Structure formats: C-alpha cells, structure tokens
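Here is a friendly walk through a few local features of one model. Please have your viewer open as you read.

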Amino acid sequence: MLIIHYVRKDHNYKGWGLHVWGDSTRCTQWQQPLKPTRVTERGLVWELPLRPGARRVGALVHKGEQKAASGEVVISVHGSVMSVDQATGMAVQEAWLVGSEQSAFAFPPDMSHIPAGSINKQAAHWVSPGLLLWRQAAEDVAGPRRFRLHYSRAGHMHITGAGVQGADYSWGLEPQPPAAASPGVKRFPHLYGCTPLAVPPEAAAAAAGTAQVGAGAGAGEGVVAGQLLVSVHDAEGEALDSTGVQIQGLLDELYTYDGPLGDHPDGSSSGGGTGHAITLWAPTAQKVELLHWGASAPRGGQPQVHAMSRGRAGTWTLSRPAAWLWSYYTYRVTVYCPWTARLETVEVTDPYSRGLAADGGRSQIVDLEHPDTMPAGWREHVPPALAQWTDISVYELHVRDFSMTDASVPPPLRGKYLAFVPERVAAGGGSSGSSGPLSAGLAHLAALRAAGLNHLHLLPTYDFATVPERQEDQRVVQEDLSRHPPDSPQQQAAVLAVADNDGFNWGYDPVHYGVPEGSYATDPDGIARIREFREMVQSLHGQGWRVVQDVVYNHTFASGPHSKYSVLDKIVPGYYHRRHEDGGICDSTCCNNTATEHAMCERLVVDDITHWARNYKVDGFRFDIMGHLMMTTMAKIRTSLDSLTPDKDHGVQGRSIYIYGEAWDFGEVAGNQRGRNAAQMNLAGSGLGAFNDRLRDGALGGGPFAPPQFQGLVTGLALAPNPAAAQAGQGGGGGPDAARSELLVLTDWARSALAGNLRAYPLHLCDGSTRPGEQVLAHGLPLAYGGLPCEHVAFIGCHDNKTTFDQIIEKASVNESPEERMRMAVMCLALITLSQGVPFIHAGDDLLRSKSLDRDSYNSGDWFNRIDWTGASHGFGSGLPVSTKNGGSWSYMGPLLREAGRLAPSPSQLKAATAIFQALLRVRYSSPLFRLAATADVMRQLAFHNTGPEQNPGVIVMELTSAPAPPGPGGDQSEHGVYDSKYERLVTVFNCAPYANDVPYPPGASRLQLHPDLAAVGDARLSGAVADDASRTLRLPSRTAAVFVQARQ
C-alpha cells in the first residue's frame, strides 16, 4: 500500500483530486481523479494499492485543469518511508505532496521551509482598477486573513516560507462582501466564488501609469509592466499562500485602444511629419525598439535600430519615412514574462503585419492600394451577386490538394494560388488533355459551377507555421509509392519521414492572421503572395465562384518568449490567450487557445476579418472551432462586415458575406463558463451558420468518437447489417429489434436536417409523438437548435475525420459491392444537397474520394491527400494510413485495404457519382422551394410522409409545395410563402433501403414525373424511379434518391 498525503499552508482542500499512473491498481483517467480516501486536520490522504513488484507511481494533485504542482510528481516507491500495518500486516509506504512543489517528500516536511505559494502560478485576477479576485478564504479559524499586492519592476521577487520577498512596493488589499465580486464575475464567470479584494486608489493609479512607483520606470509606465504577486497571511502573521496576478481585465479597462495599429498613415505630414507611422499595442512592455532592414533584405543583414515612443493606451509608435515602403522590420520588446518569471527581451514580428518575408521571419511595409499588389482590373471587378444566404452551396478545398498532383497544371503552378487562374495555366503550357483549355481541376470546378455550386471554401490561406515557405527548404518523398501493396506500411513511413518539413499541411497553425500564406505563392518573399492571392480570388469570381476563407482565431500555433512562431504572446505575455484560473494557457482546441473575451484580442479578430473582406474581397468565412469565440465577438464581426458597401469598398457588399463555423461546445468555454460563446445552443436567430453533426451521424451512424463500424440510415443499419457493428457494441446486444428502433431514430434526425435543423419545426417521431425539434434529444442535446434556415450547414463529410467514402467502406457490410457503396455515397450527397439551409461538400466526395482510411490527414502529405479530378484513379488502397493518427486501427484497416481490388470503385462509378451529384445540384437550383430563407416558409411549405412508428424503414418522403401565385406586381406574398413559377409541388424520396420500395403519392399530388435533370443523367438505376399516376405510386429502386415534380399547367 502506498499512502499519499497532500498538505497546503492555506488549508484550501476543496475540490482537489489525484491523478495516478504507474504501478498502482488505482491508476486514473485525467477527467476522473481519485477522491481522497480521508480528510484529516493535516490535509488529504489517498491509499493506493500497489501491483506486485511495484517500483514507481506517479501522482499529481489537480482540480480540473488546475494543477497543484507545476509539473508531474513521480514517487519512487522504494525510497518512501516504510512501515507495517499492525492490523493487516501489510507493508505501507508513505509520501507527502506539498502545495505546488514539484517533487515528493519521503518524510513529513517542515512547512516553515516550504515556499508559501508559487511565482509560476497566477491565480489572482486583477479584473478592474479597484477590484482583485482570488479564490482564497477571507478568514479562517484564527480570524480575518491579511492580503497584500506586491510589485517589482525588475522581476526580482521570490517566495520563501515567510512569504513574498524582494518587492519594490506593496499595498494592502481589503476583503469585501461577496456581492462586490459581481462586476468582475459578470465579465469572467469562471471566477464565481472568488473572494473580492479592494485595491487601494494609489495602487490603481500606479497600474494606470498616472502615479510612479519606485525608480527606473519611464513616463506613463504602469505597474502592469512589472512583476505582480499577491500574498495572504493568517491573523497571526503566518504566510499561507502567494501567487502571480492575471491582469487581462485590468488591461481592458485601462488600456483598450481604438486607433490605428501596424503600419498606417498618421496624418502628420502637414505638420512636418512623414505622413506614416508604425504603432504597436504593448501596454506591459518596458521598452520597444524597431529593427529595420531595406527592401532588398527579407533575410540577413544588420538592422537599423529605432527607439519607439510610448503613446496613449499602451501603444508604442515610430514615425517612418515614405521611402520605407516595401522594406522589412521587426520589434525588439523588453517585457515581464509570467512563463519565465523574469524580464525577457524578445524579437517579434507585427501582429498587424500586412506583408511578410518568407516563413514570416520579418514584417514587410506594404501599401495594399498600390498597383503592384493588384492584378489588372482588381479594383473594378465585383464578386458574383448573392440574393440570400440559403442560395449558397459550398465546396471545401485545400489549395495544394487542388493542383499538386494534377499533371495538366504546369509544374511551377502546382500547389499554388495561380493554379486557379485559367490564363496562367494556359500560359504556363498546361496540358489541355480531355479538359480542353482548362486543367483537369479547373474543368471539374467549371462543371460543378455550371450545375449550381457557387462557394469555394479554401482551407487556411493565412500565414501558418507548419510548411517551409521556400520550395528549396521543402523535403519530398523520393520513391514511387505506387509500387507498394495496398495494405503496406511503406507508403506512410516514407510520408512521415518528411512530413514535418515537406510542402503539405492543412494549415490550422496560425502565425500571422492578416497575410496570405507564402508557400502557395511563386515567391514567398514580399508582395507576390498578396498579388497572387488577389489574382486567384479575382479569377474565381470571374468563373462564377464566391470565395470562402477558413479562419482559425481560436488558437495560435505558439506562445511564450522563445518560439519563432510566437507573436502575440511575446508582445503582451498572457493577455491574448485564454488561461486557466491558476494562470496556465488553455489548450482544449489543441494548443494556445485565444481569448476573444479580452477587448484587444477581440479587436484583432474583427479588424482582421474586415481586412480580408475589404482588401481581398473574400465572400465568406468559415470559423474553425467557432464555439471558442464569444457571441459578442461574432456580433461585432457581423456589424463590421455589414458596414462594407460597393461604393466605398471596391465593390464589396458586406451584407452578402456569409459566416459559418464549428459551433461545438467543449473545453473551458462549455456551458457559457467564459461568457456566451458561439456554440450550437446559443446561435438561434443570429444568422451564423453551424455544422449539423446530427445529419452526419444519422446518415453514416455512430460519430467521430464511436466505433467506426457503427451503421446509420445510409450505411445499412438494420436493413443490411454489418456484423462488425454489433461486435463493436452497436445496439447493446438487442438484436434486429434494437437495430430497427435505432434506424427509425436516426431517420428522424435526417428529417430534422432536411427541414433546416429548425428548433421549432414539428416532427412526427418514431415514438408516435409530435414535437418540435428542440424537444427531441440527440447525443443528449436538442436535436434541432437553429432559428433560421441559413443557420443550418448540412454536411456529412469534410476535411476532418475520414472521407465519406472511407467511412462507408468501414460501416457497410463487407458483402456490399463497389456499386452499392457508390450508391450510399450518392445518397449522402443527396441528403446534403436537398436539405434546407446551406449544403456543404468536401472536395472530391463527389468523386468518392478516399484517403486510404486516414482519419486525420492534416500532415499526411500529398500522397494520401491527392485528388484525381479525371476520375481515372482512386485513393483507396494507397497503403496503411499514417501511424501517428491511425496506428491503433491498423489491425482492422489492413484487411480492408488488402481488399482494395474488390472494394475500390471503378472509373465509371466515380464518373456516375459526380454526374448524379451535378444533377442534384441542378435540381436544387431549379426551384426556390429547396432554398427557403424564412422559418415560417419551411414550417408551412415542407412536410414529411411515411413517419411515426409504423413507417416503412429506411425511406424518407419529403414534400415541398408552392405558395399561391403573387396577387400582382408589388403584391405581398409573405403571408403565403414562396411561389415556384415552374412547379406546384416537388416530392423527394430517399430510399436508403437495399431493395426497391413503392411509396404512395402524397394527398393532393398528381401528374408527378421524375425531375427532368435527374432523368437526363442517363443512369439506369436513377431512371428506374418512376411515378405511376394510375396507381398513385412512386416506385424507387434500391438506394436511390429521386425528386418528382408536379409541373404547372
């Protein structure tokens, strides 16, 4: 038995648990720490049984993400105090964990020698000039406690057993009644329950820089530029705890700045100035210098050093000569860093950079209104018009995937912005082949655009960290990977050998938000990236596409003073990132979560989005992990975009710009813990689009965190069962009846999505009840959460997780043929395309794209991410996917990949899939009834048949009816709904069953015929969908989605 004691000087034991690993039989998962075995007057005690021959046990005391030690504590069992329990005869070993110390004690420690706190934690929060919050009791059994705030400009404070030492100055803090915390808690809800401490006016003045404290501080420098600690002693003077101070709220109140940042006109030329200035917001800096290089020095050379002057609201400014245009610069900032607990002098680029040297090594001074940054006709060209957001359909594409393996693109343009420009491809000698003057990729995009698809979503195109931008620095796979067997590990081994230094990455690793990525430009140094990005956008606009940019404002790639990719955190350490209550940076998004609840972080995001919309004419924004941004931020973005008008902003109509994103609710922001976040349950009525995971999981089955074999509506649940799904636990052993019941539930999920995911839409459910979608549960949350159709992004596949076809490979019965798997994939496309809201398609899903079962191909190179736009080849069987993300699944993936010759679709099946998809797009755009913009119109004009407990399983029947014709020119039709001038009624049937089904006409329907665009495809199975007017029956072949129309006479 190992007994672990945990003792603290402040006796604050509430909520702590123990994370255990190693040679104990009570090892834990992080989210499920052990509760103490007992609580004594000396602290907490855990009793841990040991495995035979135990040698080491790791233990870490924590409360959520708040760790009691700043590192893991490893306990060497044989070095602990050893005794024998007299009652049981068991050998007992003991160890002590203390406060925030980083190692275990083998004997009861002398607490007078233990530091009373840690300078590496920042658990106190200075939220406004007069208020500080700390989760420390205001009194204990000895009486009222005493609190003090300490400051050292040079960062020389340290903590001993007697408390804080080495301060330049300190102030007493007075505990206040709990109600006094309300203003701070309103802004920072996670601090509920903290003790409010009143900050004296002289300390508040010192924070604002209006009162100087000590020697050495420059004019206007506040104590926010130094080291700050807070301490607590008991009534008898014994030091109990000390901690650093988070000052984000204080900076917002004292130093929020609304003037220009980065390089900007300064309006001073008439008074003898240069007319230009560079401004940096750095309120905690003690010194800022600008390092300047000439226009011919994107790297190398010695800089000229210029002192910057402290300005208002925490800014530093330098007037510059006009001749500096196109030259390069960085900042040298001296600032106190909480991560190292000392002053650091760091070199850093400008967070408001608008131009860069390669790899973001230096900021470049650019003029985005200069002709050299624009293709011919840039100012005059106007993006394609958009009447309403529900007219949008989205194709999600990675810039490099589009052309890197397309042999019809000239080699210098492969993987580049300019591969989207037909004139550049033709001028470069690109092979026309069967696609005529266009590359294969451009020809495929043209076919999709002609069918109606209209928004091209590009994965991250801002400056990101994870690709060397100079082509000569990029490593490449040297061998021919096609020579290896379909289930071989050799392909992924070769890819991984170069993965961290090749030219491929998805790019969700932001460094400079406001500058195009350089690896996609023909020259990463200077303005080529600006001009070529604009040329791509202008060309896509000319081809009829509107352009969506994928933006990642939920995290930065790096933080701290040392990484070359750290920008924001070098300048104002600890401000731009969301932090745990004890000071550590939150990383629930993957790394370095940003905090848009802080004013200047929010401003950066709003400014940046507006910059891309105005200066690059971007038509939409997809927000990565949007749920980690606050609703107030999203509202300010919307307001800023709406202010853009064609007359004053080069043809940009801001009100047409669509915003959507991943509205998942998790991590430290879940449940509005940090404020009202842009998560699914908060979006209704906002106009923000959100990905609907209920459609994805209902169609395919399971979900990203369920066993991959779980089946759904499309993949054969109950009707074409895969034994592997039951073996993996689907149905809980309930057999066919449980499978049928689950199928009916998932079918209701799909109906809700087809109706636009509207929380108010009434669903006649498989349990016989009729309830609005918000009263039905899915994954423990309301099934429907949208307030407007435009808030529904209908998707099944995207760049994340496996492709749709790869998931079908895993989920469908092993006996299914490639033809049937193709039909399942097309059914997924039909559910998306014919949903109310905004359809979203992952690039290549219409060509049954496969990444050889890779579940996360962000760093899997060109080999696993390639797309053959001609449909001549297929990616399934490209080898086992990379071990870093898939190695634990190789045991079941290998046998599937080994069968690639039997499971992979043929070129004719790929071409059939995209032909049917294009026909479905034409159907969508043939009637306004598939694109209803008003919730009320969906409620009255869309109905489902074949519902309830007695429904024919696997079949969805959706009816759309036109409103009456408008009464005349200028007549108000809003009370009746949307009028379709071509069709009185459209009846869509999704027969997901592996057999044919007959469906009765809806009441009132007559003269139904297969939609002409579907009849024109020439697909034998699809053409077998017929309407028998005599028997009033719709006959659907297996796994077929068909739209029948009642044309106007």
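Ser319 belongs to strand β26, residues 315–319; strands here are DSSP runs of E with at least two residues, helices are runs of H or I with at least four, and both are numbered from the N terminus.

Which residues is Ser319 in contact with, leaving aside its neighbours within four places in sequence? They are Asp266, Thr274, His276 and Ala277, where contact means heavy atoms within 4.5 Å. Ala219, 100 residues from Ser319 in sequence, is 19 Å from Ser319 in space, C-alpha to C-alpha.

## About the model

This is a predicted model, in which local features need pLDDT of at least 70 and side-chain atom pairs count only at pLDDT 80 or more, while totals for chains, interfaces and linings use all residues. Residues are numbered from 1 along each chain as its sequence is written, and side-chain values use heavy atoms, with hydrogens and water left out.

## Two residues with positive phi

Most residues other than glycine have a negative phi. Leu848 has a positive phi, near 55°, and sits in the loop between β43 (838–842) and α17 (861–865). Leu848 is buried, with a relative accessible area of 0%.

Arg1007 also has a positive phi near 55°. Its loop runs between β47 (997–1000) and β48 (1009–1010). Arg1007 is partly exposed, at 27% relative accessibility.

## Helices

Take a look at α16, residues 818–833: its 16 residues reach 22 Å from first C-alpha to last, close to the 22 Å expected at 1.5 Å a residue, a span taken as 1.5 Å times one less than the number of residues. Of these 16 residues, 15 are buried, leaving α16 mostly covered.

Helices α8 (residues 528–542) and α10 (residues 599–616) pack at about 70°, with axes 11 Å apart. The axes are lines fitted to C-alpha atoms over the stretch in contact, and angles run from 0 to 180 degrees between N-to-C directions. The two helices are therefore roughly perpendicular, a label for angles of 65 to 115 degrees. On the α8 side the contact is made by Ile530, Phe533, Arg534 and Val537, and on the α10 side by Trp612, Asn615 and Tyr616.

Notes. Buried < 20%, exposed > 50% of the residue type's maximum accessible area, 1.4 Å probe, protein only. Parallel < 35°, antiparallel > 145°, perpendicular 65-115°, else oblique.
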